[in-house]
Amino acid sequence: MKIAVFCKSVPDTETKVRLKGDRLDTSGIKYILNPYDEFAVEEAVRMKEAKKAEEIVAISMGPARAQEALRNALAIGADRAVLVTDDALDGSDTLATAKVLVKVLEKEGGDFDLLLFGQRAIDGDTWQVPSQVAALLDLPQATCTVALEVEPGSKAVATRLVEGGEEIHELTLPAVITCSKGLNEPRYPSLPNIMKAKKKPLTTYSLGDLGIDASEVGKNGSRTEVLSYELPPARGGGKKVEGEPEEVVAELVKFLKEEIKVI
Amino acid sequence: MAEEKVKGGTFLLESPGLKEVFIPEEFTEEQRMFAKTAEDFIWNEVVPKSDEIEAKNDELHIQLFKQAGELGLLMADIPEKYDGLGLDKISSMLVQEKISSGQGSFSVTITDHTGIGTLPIAYFGTEEQKQKYLPKLGSGELIGSYALTETNAGSDAMGIKTKAVLSEDGKYYILNGSKQFVTNAGFADICIVYAKVDGDKHAAFIVDLKSEGISLGPEEHKMGIRGSSTRAIFLDNVKVPVENLLGEVGKGHLIAFNVLNIGRYKLGVACTGACKTSLGEAVRYANQRSQFGVPISSFGMIKEKLADMMTRTYVLESASYRTAGFIDATFSELDHDDPEFGKKAMDAIGEYATECSIIKIFGSEALDFVADETVQIFGGYGYTEEYPAERFYRDSRINRIFEGTNEINRLLIPGMIMRKAMKGELPLLPAAQKLAKEIMTFMPLSMLGSGPLAQEELAVEMTRKISLMVAGLAAQKYKEALKDQQMLLARLADIIIELYAMESALLRTKKVIENKGEDAAKYHSIMTQLYVSQAFPKVGQLAQEALAAIEKGDMLKTNLSVLRKLIRWYTPVSLVELKTTLADKLIEEEKYWLV
Ligand SMILES: Cc1cc2nc3c(=O)[nH]c(=O)nc-3n(C[C@H](O)[C@H](O)[C@H](O)COP(=O)(O)OP(=O)(O)OC[C@H]3O[C@@H](n4cnc5c(N)ncnc54)[C@H](O)[C@@H]3O)c2cc1C
């Protein structure tokens with residue numbers, strides 16, 4: 001099998017989100033490989049170790065720094081990496097992103113048996129790109145997978161958690177799978193593997209390399225646009241109601257009615 | 001990467017160029033990845049099991065150690081030829097820092113193994129010894145240890161009594177004696193044991209701890225790092241094959257001391273990791289804990305503590321990696337296949353012995369300060385075992401004692417510098433004489449530049465002159481007998497330590513300004529000003545006491561008037577403003593955020 005694993009460079013989970021005007025203040029942010037994508041890479045590497053897969057290609061679209069996320073995927077065990085980076089990509093929404101990723105798959109031979117994604121990226125948190133890629137390629141998909149069995153050349157059996165139970169899907173390959181927490185325990189990239197990752201190929205494509213016109217991506221090629229960012233209101237201090245039970249109840253009711261107007 | 005070689009001790013004479021100074025802002029992508037693996041492993045696998053480790057669950061401890069081995073965390077300094085990674089010193093120190101960021105006992109186990117337990121073989125072993133031991137030490141299959149100390153030979157390590165006698169058939173050395181306080185003794189497979197042959201010739205041996213005649217004392221009940229193993233080793237007619245002799249008979253002490261240099265330096269770096277963690281705990285607690293209806297982090301005195309803790313950590317980090325850069329530049333030129341490798345490695349380590357001692361002292365004392373203030377910020381809860389502050393405080397304390405007490409290291413600093421000067425490796429005396437001539441007409445204020453940090457730059461230059469002046473006068477007055485003037489030497493050592501510390505912070509800040517502009521260096525710059533504002537007056541005080549220990553009467557008065565000229569031009573910075581700005585940022589970030 002040939003597996004594509006999609007990797008996004010996202011702010012570290014400990015990032016303190018700050019704004020500069022109505023834009024994100026990105027200064028001082030440290031970036032990591034999206035934690036859900038780590039599940040995807042790990043799953044692919046396990047398939048390779050089980051001799052079910054021959055090649056794992058890690059793919060990312062993003063600014064130059066996304067290289068680091070790709071190196072991480074290489075250190076976990078991907079064979080090679082592809083980064084699409086181009087100033088014109090700035091402002092691309094999920095659909096524009098999905099279109100670019102589809103082009104990358106074509107460019108890389110189009111012969112992938114399995115497309116693995118994290119179920120969501122912890123920054124944008126849209127959950128959309130994998131399904132859009134599946135739709136554009138007309139491939140079957142299973143999202144939020146917690147267990148996966150693959151028979152190369154034939155099918156994948158994916159288990160999803162749903163309320164009150166599990167849903168088991170059988171998909172013919174090629175298929176899109178998005179990975180959830182619980183699917184596996186990603187390994188730490190060992191120091192020797194980090195060193196080996198440095199020597200693995202990492203190809204960079206611009207839009208031109210992929211035959212994409214700048215108008216199809218970025219703000220112009222997107223159907224949605226981020227107008228501004230706002231921080232959630234700071235949590236105010238709690239309120240303590242004290243006194244005899246009757247007084248407390250009366251005051252609480254008054255508070256719920258008049259101040260926060262929920263009853 | 002530091003591009004050119006800076007010789008050890010030269011900071012006493014001149015400032016290195018920025019090009020030659022490595023700063024943590026320059027870590028490569030690969031180095032950051034190494035760091036992340038080490039940090040994630042420690043925080044996800046080790047720290048959650050801290051209570052069990054502290055309760056001496058040795059099985060768990062060893063299992064975690066092996067896991068660290070599988071991740072390659074033990075092989076940074078081992079050459080590729082012996083299945084190691086042969087990493088540059090900056091990478092290996094960064095890994096060290098992260099390994100030491102979470103759990104003190106585990107950190108000591110690993111540091112002892114990768115440092116003084118492994119390096120004697122890596123640097124001084126024969127080809128056969130390296131092939132036999134290094135791959136397994138690097139993978140964690142074997143655990144190493146180092147036994148120098150004896151009950152009657154602690155600081156006085158040359159006074160060891162353990163004896164090694166060559167067997168009649170010439171195949172073995174027979175070892176007899178006892179070693180005290182051996183870290184990892186309870187876990188280790190092998191131990192580098194130091195003994196004397198023919199009464200007075202020091203020698204080092206690789207001893208298999210399963211050998212007949214070896215027995216262990218009970219675990220010490222320690223103040224801190226309770227999960228680590230510290231036991232005595234008794235050697236009763238232990239047969240050690242001659243091929244396990246490390247280096248030459250008569251040179252064992254050189255192995256012991258040179259390896260300790262690296263050990264000291266690693267210890268300082270380890271303290272950097274621990275400082276950052278302690279600071280993070282302190283600031284998060286200060287934000288959560290409310291008194292008088294507001295978080296305690298809003299109080300000026302708590303802010304001041306946080307600002308001071310952050311500043312010390314910054315200075316330590318700057319000095320640690322500056323030194324890593326120097327050592328790396330020298331080490332990267334060495335070839336492991338060179339038959340002279342051992343000697344050259346010894347020279348290379350010896351070259352920076354002064355810097356290694358400085359980092360050891362500064363690091364262990366910075367950590368004590370940070371851990372102590374962490375307890376204070378936690379208040380009564382800091383005194384209970386419920387919170388991590390109490391363990392930080394206990395675990396910190398050992399660092400001032402092992403790998404040469406801070407007193408011994410304070411003696412070593414001027415001692416080594418004077419030796420280098422005598423050997424002509426460091427033109428200290430000509431510089432001191434030149435200074436003595438020009439100092440009468442010398443006008444510091446006229447040298448004050450105008451850029452940012454001009455004052456700090458001048459303070460560093462003046463501290464350099466003060467070091468030279470005190471060292472020169474002390475050497476002139478006491479000559480050979482200077483080594484007996486401990487109180488004077490301690491002051492000289494402290495002046496030199498502060499010179500290195502202030503200058504490291506300054507150089508790093510300047511380099512960040514040069515690379516990324518003044519805005520990017522806002523807090524670097526604040527911390528440099530804050531540190532100098534504390535250290536420079538302290539240097540003045542130390543120098544005054546030192547001068548008064550050298551001369552009396554009119555000579556003293558003349559010397560003091562020169563000293564005053566060197567220090568009194570300095571205008572105090574607005575501490576309150578700077579500390580508040582720094583603390584507010586730290587309170588927002590809730591951790592040491594610079595790199
Ligand atoms: C937890 C732990 C782990 C250790 N691990 C190891 C290990 O793995 N291998 C190993 O070989 N050793 C190890 N040691 C030993 C350690 O290195 C020694 O304890 C240390 O060198 C001090 O020796 P000492 O305890 O005999 O103190 P002493 O030498 O008796 O010193 C007592 C005091 O006198 C001061 N002093 C001594 N001589 C002088 C002097 N000339 N001038 C001024 N002051 C002086 C000291 O600074 C100290 O304050 C360990 C110790 C501990 C506690």
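Predicted model: local features only at pLDDT ≥ 70, side-chain atom pairs only at ≥ 80, totals over all residues.
**The interface between chains A and B**

Chain A puts 18 residues in contact with 26 residues of chain B. About 2000 Å² of area is buried between chain A and chain B. Carbon and sulfur atoms give 58% of that buried area.

Side chains of opposite charge can pair when their charged atoms come close. Across the interface of chain A and chain B, 7 salt bridges are found. Polar contacts across the interface of chain A and chain B come to 10 residue pairs, both residues being at pLDDT 80 or more. On the side of chain A that touches chain B, α2 (66-76) and α5 (191-199) of chain A each supply at least two residues. That side of chain A divides into 8 nonpolar, 3 polar and 7 charged residues.

Over all chains, the structure holds 59 salt bridges. One salt bridge is formed by Glu68(A) and Arg32(B), with their closest N and O atoms 2.8 Å apart. Glu68(A) lies in helix α2 of chain A and Arg32(B) lies in helix α1 (residues 29-46) of chain B, so this pair joins two chains. Another salt bridge brings together the side chains of Arg18(A) and Glu589(B), at 2.8 Å from N to O.

**Cavities**

Rolling a probe the size of a water molecule over the atoms shows where empty space is left. In this model, 3 cavities reach 30 Å³ or more. The table gives the space in two of them.

| Cavity | Space |
|---|---|
| Largest cavity | About 90 Å³ |
| Second largest cavity | About 60 Å³ |

Start with the largest cavity. Its lining counts 13 residues. Nearest the centre of the largest cavity lie Leu73(B), Ala76(B), Asp77(B), Thr114(B) and Lys266(B). Two helices of chain B, α4 (89-99) and α5 (104-117), each supply at least two residues of this lining. Helix α4(B) gives the most to the lining of the largest cavity, with 4 residues. By class, the lining of the largest cavity has 7 nonpolar, 4 polar and 2 charged residues.

Now the second largest cavity. Its lining includes Leu12(B), Pro414(B), Ile417(B), Met418(B) and Leu428(B). Ser467(B), Leu468(B), Ala471(B), Leu492(B) and Ile496(B) also line the second largest cavity. Helices α13 (406-422), α15 (454-478) and α16 (486-516) of chain B each supply at least two residues of this lining. The lining of the second largest cavity has 9 nonpolar residues, 1 polar residue and no charged residues.

**Two backbone features**

Chain A has a cis peptide bond between Leu173(A) and Pro174(A), with omega at about -5°. Pro174(A) is found in the loop between β11 (165-172) and β12 (175-179) of chain A.

In chain B, look at Asp198(B). This residue has a positive phi of about 50°, although Asp198(B) is not a glycine. Asp198(B) sits in the loop between β4 (190-197) and β5 (201-208) of chain B.

**Recap**

The interface of chain A and chain B carries 7 salt bridges, with about 2000 Å² of area buried between the two chains. The largest cavity has 2 charged residues in its lining, whereas the lining of the second largest cavity has no charged residues.

Notes. Residues numbered from 1 in each chain as written. Chains lettered and ligands numbered in written order. Heavy atoms only, no water. 1 Å grid on protein atoms, 1.4 Å probe; cavity = no way out; pocket = protein on both sides within 12 Å on 5 of 7 lines; lining within 4 Å. Points joined across faces, edges and corners; volume = space filled by probe spheres on them. Nonpolar A, V, L, I, M, F, W, Y, C, P; charged D, E, K, R; others polar. Contact = heavy atoms within 4.5 Å. Buried area = accessible area lost by both parts, 1.4 Å probe. Salt bridge = Lys/Arg side-chain N within 4 Å of Asp/Glu carboxyl O. Polar contact = N/O pair within 3.5 Å; in protein donor to acceptor, adjacent residues only side chain to side chain.
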